[in-house]
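Trainee: I would like to take a close look at a single part of this model. Could you guide me through that part and then through what surrounds it?

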Amino acid sequence: MTVTQLNGYRLMWIFVMFDLPVTTPAQSKAATKFREFLLDQGFEKSQFSVYARFCNGKEQFETYMRRIENSLPDRGDVHILTFTDKQYENIVRFSGQRRKRQKKNPDQLALF
Amino acid sequence: MERIVDIAIDGQHLSAYRGFLIVSKDKAEIGRIPLDDVAAVIVHAHGTTWSTNLVVALAQRGAVMVLCGSNHAPVAVCTPLEGHHGQNARMRAQWEASKPLTKQLWRDVVVAKINWQAAVLEAQGIPTDAFDMLSRRVRSGDPENVEAQAARRYWPLLMGEDFRRNREAGGVNGLLNYGYTVLRSLLARSVVAAGLHPSIGIHHANRGNAFALADDLIEPFRPLVDVIAVQLAARGCVEVTPEAKRAFAGLIAVDLPGENGTTTVSVAAGRLAQSLSRCFETGKTLDLVLPRPPSAIELAGLGSLIA
């Protein structure tokens, strides 16, 4: 029994990046719908048009990918990236000119 | 990743926004967790408020909400009314299960529990011959109450002569209450997801207990909590601190050896409940998938859950 709940090689992050046309009202509606779909699936906004979600491993990734595939708007580009929790730890974030603290990985326990 | 959300500080509001559980204080958001990842919400703080919208969203996803007393033991649990598509047929089979069947199922659960207790003691270097003998003595329905006989030996060996297991007490008992609450919420969730009714137990039947079945199925898993409590107490932690909570919450993701390879405790709980519903439908105890006790090395590895 390896205690795996924090195994940084099994846990992954999914990043969804999209570029959707919003020139007509119908298009913006479709873009909003897609964005809200991502929120419903538990994807958090990382920055404009970039949404991220933590996931358990390959199988769960496949599930989310299928769901995204079934909810794509008619036009526009969507890129889905995954990386391991280990790689996520190494993300460098700048806000303004300041380097921001790394985001903490989710814990098995959310204590409030 | 399945997560346990624990609300311990007064004055917070829980609500749902799209796919998230939002925790806010003074109208400002202080945290969000994807609803799909929530296994259970455990509420201790009595000043907590929440929206019905959230309770509905949790129920739709099969997550349970547990309300606790000041001793960290659960007082009420909110589970979905509908957890499985074949629920009606399964509940019928559960309700109509024959007495011999439920008695045999209970025997299997008790044997598993005693074997787990033995495994835990063995990992602490305590001889367990008596437990091997006891587990062989359990008969259908456990008429001699071997379960209690094992418990009488188990607690003093594990916790020392002075220890008394008491749900109302604090200290180490509070730690145990909290750990069992986490497991109980997991089992309640598995039972409902398997299409079974939580208040129809196989043994805990006549105790005015709405979660009798979860209390039956939790038995073999309990020693996991005991191990963590012993290790916490050895480090001088006898209060339900955030560190203690974190260690217990981590239990649900611990890997256990199983029939089809290694699985986490939460998957093992799900398999147990699923296999139980099959037992009710077929009338046979053969395919009850009880969790196998881990080895001493694996149990020692639990220490890494404590930060």
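Predicted model: local features only at pLDDT ≥ 70, side-chain atom pairs only at ≥ 80, totals over all residues.

Mentor: Let us take strand β5 of chain B, residues 38–43, as the part to examine. Six of its six residues are buried, so β5(B) is largely enclosed by the rest of the structure.

The neighbouring strands come next. Strand β1 of chain B, residues 3–7, runs parallel to β5(B) and is joined to it by five bridges. Within this pairing, B:Arg3 stands opposite B:Val38. Strand β7(B) is also parallel to β5(B), with four bridges between them. Here B:Ala40 has B:Val64 of β7(B) as its bridge partner.

β7(B), residues 64–68, pairs with β8(B), residues 74–78, in the antiparallel sense over four bridges. B:Val66 faces B:Val77 of β8(B) in this arrangement. The hairpin formed by β7(B) and β8(B) has five residues between the strands, and B:His72 takes a positive phi near 70 degrees there.

B:Ser185 belongs to helix α6 of chain B. It touches B:Ala40, B:Val64 and B:Val66, leaving aside residues up to four places away in sequence. B:Ser185 has a relative accessible area of 3% and is therefore buried, as the limit is under 20%.

B:Tyr178 and B:Phe248 form a tilted aromatic pair, with 6.2 Å from centre to centre and 50 degrees between the planes. B:Tyr178 lies in helix α6 (residues 172–193) and B:Phe248 in helix α9 (residues 242–250), both of chain B, so the pair ties together parts that are 70 residues apart in sequence. Both B:Tyr178 and B:Phe248 are buried. Over all chains, the count of aromatic pairs comes to 12.

Charged groups also sit over rings in chain B. The charged end of B:Arg222 sits over the ring of B:Tyr180, 4.6 Å from its centre. Likewise, the charged end of B:Arg32 sits over the ring of B:Phe20, at 4.8 Å from the ring centre.

Beyond chain B lies its partner. The contact takes 41 residues from chain B and 26 residues from chain A. About 2800 Å² is buried between the two chains, with carbon and sulfur atoms giving 57% of that area. B:Met1, B:Arg18 and B:Asp255 supply 27% of the area that chain B buries against chain A, more than any other three residues.

Chain A has an open sheet of four strands in the order β2-β3-β1-β4, with antiparallel pairing. Its edge strands are β2 (44–47) and β4 (77–84), each of which pairs on one side only. On average, neighbouring strands of this sheet are turned by 30 degrees against each other, direction ignored. Strand β1(A), residues 12–19, is joined to β4(A) by eight bridges, and A:Trp13 has A:Phe83 as its bridge partner in β4(A). Ring pairs link A:Trp13 and A:Phe83 with A:Phe15, A:Phe54 and A:Tyr88 into a cluster.

Helix α1(A), residues 25–40, runs at about 170 degrees to β1(A), whereas helix α2(A), residues 58–70, runs at about 20 degrees to β1(A).

Definitions and conventions. Residues numbered from 1 in each chain as written. Chains lettered and ligands numbered in written order. Heavy atoms only, no water. Phe/Tyr/Trp six-rings, centres within 6.5 Å; stacked < 30°, edge-to-face > 60°. Helix = DSSP H or I, 4+ residues; strand = E, 2+ residues; numbered from the N terminus. Buried < 20%, exposed > 50% of the residue type's maximum accessible area, 1.4 Å probe, protein only. Lys NZ or Arg CZ within 6 Å of the ring centre and 35° of its normal. Pairing = 2+ DSSP bridges. Axes fitted to C-alpha atoms, helices over the stretch in contact; angles between N-to-C directions. Contact = heavy atoms within 4.5 Å. Buried area = accessible area lost by both parts, 1.4 Å probe.
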